[in-house]
Amino acid sequence: MILITVSDIQEMGRLCYELGSRHITASISGKSVRCPFDETLFQSLKALGFNAEKICSESPDTKTTFCTSSENRTTYTFTSTTTYTSK
């Protein structure tokens, strides 16, 4: 998961535009926005000057993602049931 903290409404507008144009699902709470982690998105947000931080770690064996947020001491756990195969 990516946590992005914005400083004002103009930056929130820019961020929402960037996420919306990529059809990214996001959770907005006050001045922080959370969205699923994607390395390309993360690097793009950093390059655009957003205060973005990775708040998840993934266990490759169990396909489970553990997320912690120091902001509200919440732990999120996601389990992926999607299997990708190449043909």
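Contact here means heavy atoms within 4.5 Å. Axes are lines fitted to C-alpha atoms, for helices over the stretch in contact, and angles run from 0 to 180 degrees between N-to-C directions. Helices (H or I, at least four residues) and strands (E, at least two) are DSSP runs, numbered from the N terminus.

This is a predicted model, where local features need pLDDT of at least 70, side-chain atom pairs count only at pLDDT 80 or more, and totals for chains, interfaces and linings use all residues. Residues are numbered from 1 along each chain as its sequence is written, and side-chain values use heavy atoms, with hydrogens and water left out.

**Whole chain**

Show the protein chain as a cartoon. From the N terminus, the order is β-α-β-β-α-β-β-β-β.

**The sheet**

Select S1, S2, S3 and S4. They form an open sheet in the order S2-S3-S1-S4, with antiparallel pairing. Two strands pair if DSSP finds at least two bridges between them. Strand S2 (27-29) and strand S4 (51-54) are the edges; each has a single partner strand, so one side of each lacks a neighbour in the sheet. From one strand to the next, the twist averages 20°.

Now zoom in on S3, residues 32-35. Three bridges tie it to S2, and the two run antiparallel. Pick Ile28: it stands opposite Val33 in S3. S2 and S3 make a hairpin with two residues between them. Gly30, in the turn, has a positive phi of about 60°.

Turn to S1. Four bridges join S1 to S3, again antiparallel. Pick Thr5; its bridge partner in S3 is Ser32.

**Faces of S3**

In a regular strand the side chains alternate between the two faces of the sheet. Which way do the S3 side chains point? Ser32 and Arg34 go one way, Val33 and Cys35 the other, and all are buried. Buried means under 20% relative accessible area, exposed over 50%, and partly exposed in between (1.4 Å probe, protein chains only).

**The helices**

Select H1, residues 9-21. This helix lies across strand S1 (2-5), S2 and S3, at about 10° to S3. Next, select H2, residues 39-47. H2 packs on the sheet and touches S1, S3 and S4; its direction makes about 150° with that of S4.

**The core**

Show side chains for Ile2, Ile4, Leu15 and Leu45. They have the most contacts inside the largest nonpolar core, which has 13 residues. Such a core is a set of buried Ala, Val, Leu, Ile, Met, Phe, Trp, Tyr and Cys residues joined through side-chain atoms within 4.5 Å. S1, H1, S3 and H2 each give two or more residues to this core.

Centre on Leu45. What is it in contact with, leaving aside neighbours within four places in sequence? Its contacts are Ile2, Ile4, Leu15, Phe50 and Ala52.

**The cysteines**

Pick Cys16, then Cys35: buried or partly exposed? Cys16 is partly exposed, because its relative accessibility is 34%. Cys35 is buried, at 1%. The structure holds zero disulfides, a disulfide being a pair of cysteine sulfur atoms within 2.5 Å.

**Last view**

Zoom out to the whole chain. Of its 87 residues, 30% count as buried.
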